[in-house]
Amino acid sequence: MFMPVLSGIIVSVDAFFIGISLGLQKKCKFLYLFIINLILISLCIVGFLIAERIYEYIFIDTDLVVGLAFISLGSWYILSYLISKYIKRHSEETKDAKVSSKTIIITGFVMSLEAMLITIGITFVFLPHSTFLIPIVVGLAHFGYSALSFFLVRTKHMRKMPIGIAHVVSGLALITYGLMAVFIEFGI
């Protein structure tokens with residue numbers, strides 16, 4: 001029971017940095033973040049129900065698949081940030097580009113789908129002992145992390161944090177969970 005909860009808390013760390021990026025946008029209100037997280041919790045529950053249904057149809061060891069998927073996702077997250085940073089440095093775009101409502105909606109959608117996939121992955125790793133606690137922990141951890149960072153960034157203390165730290169820590173959290181799943185598979 002402890003490991004699924006710990007897994008949900010670890011892989012939800014990226015929500016902390018999503019809350020920071022949304023909090024830095026003057027256009028984004030806490031209500032938007034709240035609505036995003038309601039949708040996210042709903043998708044976590046859907047992910048849990050889907051995982052239980054399709055688990056028996058997967059013929060490959062799910063621990064290994066989930067582990068490699070999260071390691072790949074975390075690595076991709078870090079590399080995509082570094083590549084986009086390199087491209088922005090060499091382009092003529094200004095740093096003061098405005099963030100649209102469309103960007104906030106897309107961020108919320110991606111965050112929600114990612115949380116649903118996290119829920120499916122954790123459910124796969126701990127089946128047949130997975131409980132309904134998994135989607136609740138993942139959803140509430142995402143909400144807690146993103147709300148905390150959203151409010152912290154609105155204070156003067158956190159505005160100076162380099163945004164690159166957010167991407168690297170988020171990616172490392174996903175890689176850490178992927179390694180945990182692989183270690184479970186190999187009994188390490």
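Me: Which residues do the ring pairs link into a cluster?
Reply: In this predicted model, ring pairs link Phe30, Phe34, Phe143, Phe150 and Phe151 into a cluster.

Me: And how many aromatic pairs does the count come to?
Reply: The count comes to seven aromatic pairs. One of them is formed by Phe34 and Phe143, an edge-to-face pair with 5.9 Å from centre to centre and 75 degrees between the planes.

Me: Where do Phe34 and Phe143 lie?
Reply: Phe34 belongs to helix H3 and Phe143 to helix H6, so their pairing ties together parts of the chain that are 109 residues apart in sequence. As for cover, Phe34 counts as partly exposed with a relative accessibility of 36%, and Phe143 also counts as partly exposed, with a value of 23%.

Me: What about Phe150 and Phe151, how is that pair arranged?
Reply: Phe150 and Phe151 form an edge-to-face pair too, with the ring centres 5.7 Å apart and the planes at 85 degrees. Phe150 is buried, at a relative accessible area of 2%, whereas Phe151 is partly exposed at 47%.

Me: Switching topic, what is the overall pattern along the sequence?
Reply: The chain has seven helices and zero strands, so read from one end to the other the pattern is α-α-α-α-α-α-α.

Me: What share of the residues is buried?
Reply: Of the 188 residues in the chain, 39% are buried. The chain exposes about 10900 Å², and carbon and sulfur atoms supply 73% of that area.

Me: How much of the contact set comes from residues 24 or more positions apart?
Reply: Taking the contacts in the chain with a separation of 6 or more, 93% are between residues 24 or more positions apart.

Me: Gly108 and Ser75, which helices are they in?
Reply: Gly108 is found in helix H5, and Ser75 has its place in helix H4, which covers residues 62-90.

Me: Are those two buried or partly exposed?
Reply: Gly108 counts as buried, at 5% relative accessibility, while Ser75 is partly exposed, with a relative accessible area of 27%.

Me: How many residues of H2 are buried?
Reply: Helix H2, residues 14-23, is mostly covered, with nine of its ten residues buried. The buried set consists of Asp14, Ala15, Phe16, Phe17, Ile18, Gly19, Ile20, Leu22 and Gly23.

Me: How many disulfides does a search of the structure find?
Reply: A search of the whole structure finds zero disulfides. Regarding the cysteines Cys28 and Cys44, Cys28 counts as buried at 1% relative accessibility, and Cys44 counts as buried at 0%.

Me: Which peptide bond is cis?
Reply: A cis peptide bond joins Leu127 and Pro128, with omega at about 10 degrees. Pro128 lies in the loop between helix H5, residues 101-126, and helix H6, residues 133-153.

Me: Last topic, confidence: what is the average pLDDT?
Reply: The chain averages a pLDDT of 80, and 83% of the residues score at least 70.

Note on methods
Residues numbered from 1 in each chain as written. Predicted model: local features only at pLDDT ≥ 70, side-chain atom pairs only at ≥ 80, totals over all residues. Heavy atoms only, no water. Helix = DSSP H or I, 4+ residues; strand = E, 2+ residues; numbered from the N terminus. Disulfide = S-S within 2.5 Å. Buried < 20%, exposed > 50% of the residue type's maximum accessible area, 1.4 Å probe, protein only. pLDDT = per-residue confidence, 0-100. Contact = heavy atoms within 4.5 Å. Areas by Shrake-Rupley, 256 points an atom, 1.4 Å probe, with all protein chains shown as cover. Phe/Tyr/Trp six-rings, centres within 6.5 Å; stacked < 30°, edge-to-face > 60°.
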